[in-house]
Amino acid sequence: MCPEARAGGLAKALSLDRPDDRAEATAMPDRPNVLLFFTDQHRLSALGCYGETVCQTPNIDRLAAEGVRFERAYTVCPVCSPTRGTIMTGQYPHTHGITSNVQNVGSSVHELRDRPELLSRRLEAAGYRLGYTGKWHLGTDRREAWGAANEPSLPGGVGFEGQEFQGHGGGGFGYPEYHEYLAERGLTHEVLPWTEATEEVVPCGELGGPLESTVPYFLAENTISLADRFADAGEPWFIWHNNWGPHGPYYAPTAYVDMYRDAEIDPWPNFDWPARRVQGPHQTKLHPRAELLDWRHWQVALRRYYAFTTLIDEQIGRVVEHLERTGQLDNTVIIFTSDHGETCGSHGGLTDKGWHHFEETHRIGMILRQPNDPNAGHIRDEFASNADIYPTICELAGAEYDAEAIHGASLLPIVAGDATGWRDDVVTGFGGVNGLAMTQRTIRCGDLKYGYNCCCEDELYDLARDPQETRNVIGEPDYFAAAQDLRHRLLDWMGSTGDQTRGIYRQSKVDYYDRRA
């Protein structure tokens with residue numbers, strides 16, 4: 001048991017069949033298609049199905065209504081490449097080795113090595129066609145950048161068909177394939193001049209072209225093409241659809257920006273947290289002019305973030321509508337999730353992700369929609385992780401995998417309502433980003449969250465009393481026993497997953513506080 005604390009508009013929803021009599025629904029086929037929608041840096045305030053928000057995401061919301069939504073899903077790491085490595089391996093970053101963004105200091109591996117244990121190869125062995133769309137960020141084709149020990153990695157090298165974009169991509173705007181797509185259609189990618197009264201606090205803007213000129217539309221075209229090609233061949237398929245957004249820069253056409261141009265968005269409840277005065281690693285990501293920016297500045301950026309998210313949501317809906325129109329939806333399982341969240345000014349003006357333990361970046365959206373699911377519309381409160389995506393997809397496809405070699409577990413029993421033996425805590429790790437390195441681990445059990453900082457004071461938050469995480473209670477006597485229980489839980493988790501941090505962590509934290517006890 002966990003320790004107890006002491007003391008409208010353009011946003012159109014896809015149309016999915018909802019049979020009135022589920023008893024008459026046909027059973028899901030043995031080898032369904034699997035479509036994994038993956039967004040980048042997607043905070044929960046930009047998902048309508050996760051609570052009241054200005055942001056419109058009717059298509060993702062409908063997937064939640066037609067599937068099972070996981071209320072407490074967490075990322076394995078609030079950084080892009082490590083999480084993508086986990087999707088492909090089922091392992092935490094400290095095991096698969098991509099511990100920061102590839103080509104960043106702090107990552108032990110810079111190219112995803114091809115091997116039979118990868119998700120793509122598991123599915124290929126089970127007779128699946130593999131399609132890839134969008135951001136990769138698990139390697140480049142520049143062998144000389146990191147030496148022969150890091151073999152070049154792109155989707156095609158691990159079994160996928162489809163798009164191959166090296167590196168991060170910065171929104172996808174610079175790739176020749178995208179510019180060829182635009183040229184063939186007489187389109188251009190045009191960012192309009194900044195005309196807002198406030199300064200541009202993070203990269204964002206308004207696009208002058210039509211919907212068809214956007215990267216999300218370009219990506220949806222590829223996924224639709226792949227699905228049709230695989231369907232024509234009569235083979236089951238897995239397609240991983242990776243958006244570059246709503247990770248910045250937050251770009252959307254005028255029609256989507258207009259949806260939010262005058263929207264009143266309440267300040268984050270923790271916006272006035274004194275981030276500069278509170279010592280901790282979070283200051284690495286504090287906006288350099290945080291004290292000079294009021295909520296008006298962040299509201300403008302957030303309007304662009306929501307506009308970008310609605311654009312992405314609409315393209316998700318377009319893909320699903322196409323599957324329905326072509327008769328593929330009844331044979332397709334859809335999973336929606338993200339690599340991690342986004343701060344966008346929360347906690348006193350934080351930007352981006354990393355260097356803290358907060359819910360804004362650690363907690364993510366996760367939905368699993370199966371055809372004719374009798375549990376459609378249910379919400380599960382068990383702790384889920386994007387480490388669970390690998391075994392879940394393997395089980396859906398009937399693909400073999402070594403359960404002892406991975407760190408996640410299939411979500412299918414949870415979807416069916418069976419939580420027997422399920423975890424009662426969940427861990428997020430961090431190893432650095434943007435050329436800097438640091439070790440952090442976060443464990444949540446019940447409503448308590450403990451954060452290990454390798455270089456400074458630890459953190460403990462009581463989410464029942466302090467859901468905005470503005471009061472670190474790690475030093476309060478009433479929480480000492482609970483904190484030490486979580487430290488021991490984390491130590492056990494490190495041992496079970498082979499986390500190399502365990503030795504120093506035990507010496508500097510667990511043993512020290514055991515002696516104090």
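**Close-up 1. The left-handed disulfide between C2 and C445 in this predicted model.** The torsion about the S-S bond of C2 and C445 is about -90°, and the disulfide is therefore described as left-handed. The two sulfur atoms that join C2 to C445 lie 1.5 Å apart, and this bond is the one disulfide that the structure holds. With a relative accessible area of 0%, C445 is buried.

**Close-up 2. Cysteines C80 and C204, viewed with the cysteine sulfurs nearest to them.** C80 takes part in no disulfide, since the nearest cysteine sulfur, which belongs to C77, is 9.2 Å away, whereas a disulfide needs two sulfur atoms within 2.5 Å. C80 has a relative accessibility of 0% and so counts as buried. For C204, the closest cysteine sulfur is that of C344, and the distance of 8.2 Å is too far for a bond. C204 is likewise buried, with a relative accessible area of 3%.

**Close-up 3. An open sheet of four strands with antiparallel pairing.** The strands follow one another in the order β12-β13-β14-β15, and the edge strands, β12 (425-433) and β15 (459-462), each pair on one side only. From one strand to the next, the twist averages 15°.

**Close-up 4. The pairing of β14 with β15, and the helix that packs on the sheet.** Strand β14, made up of residues 448-453, runs antiparallel to β15 and is joined to it by four bridges, and Y450 stands opposite L460 in β15. Helix α14, which spans residues 480-497, packs on the sheet and touches β12, β13 (436-445), β14 and β15. The direction of helix α14 makes about 115° with that of β13.

Key
Residues are numbered from 1 along each chain as its sequence is written. This is a predicted model: local features need pLDDT of at least 70, side-chain atom pairs count only at pLDDT 80 or more; totals for chains, interfaces and linings use all residues. Side-chain values use heavy atoms; hydrogens and water are left out. Buried means under 20% relative accessible area, exposed over 50%, partly exposed in between (1.4 Å probe, protein chains only). Two strands pair if DSSP finds at least two bridges between them. Helices (H or I, at least four residues) and strands (E, at least two) are DSSP runs, numbered from the N terminus. Axes are lines fitted to C-alpha atoms, for helices over the stretch in contact, and angles run from 0 to 180 degrees between N-to-C directions. Contact means heavy atoms within 4.5 Å.
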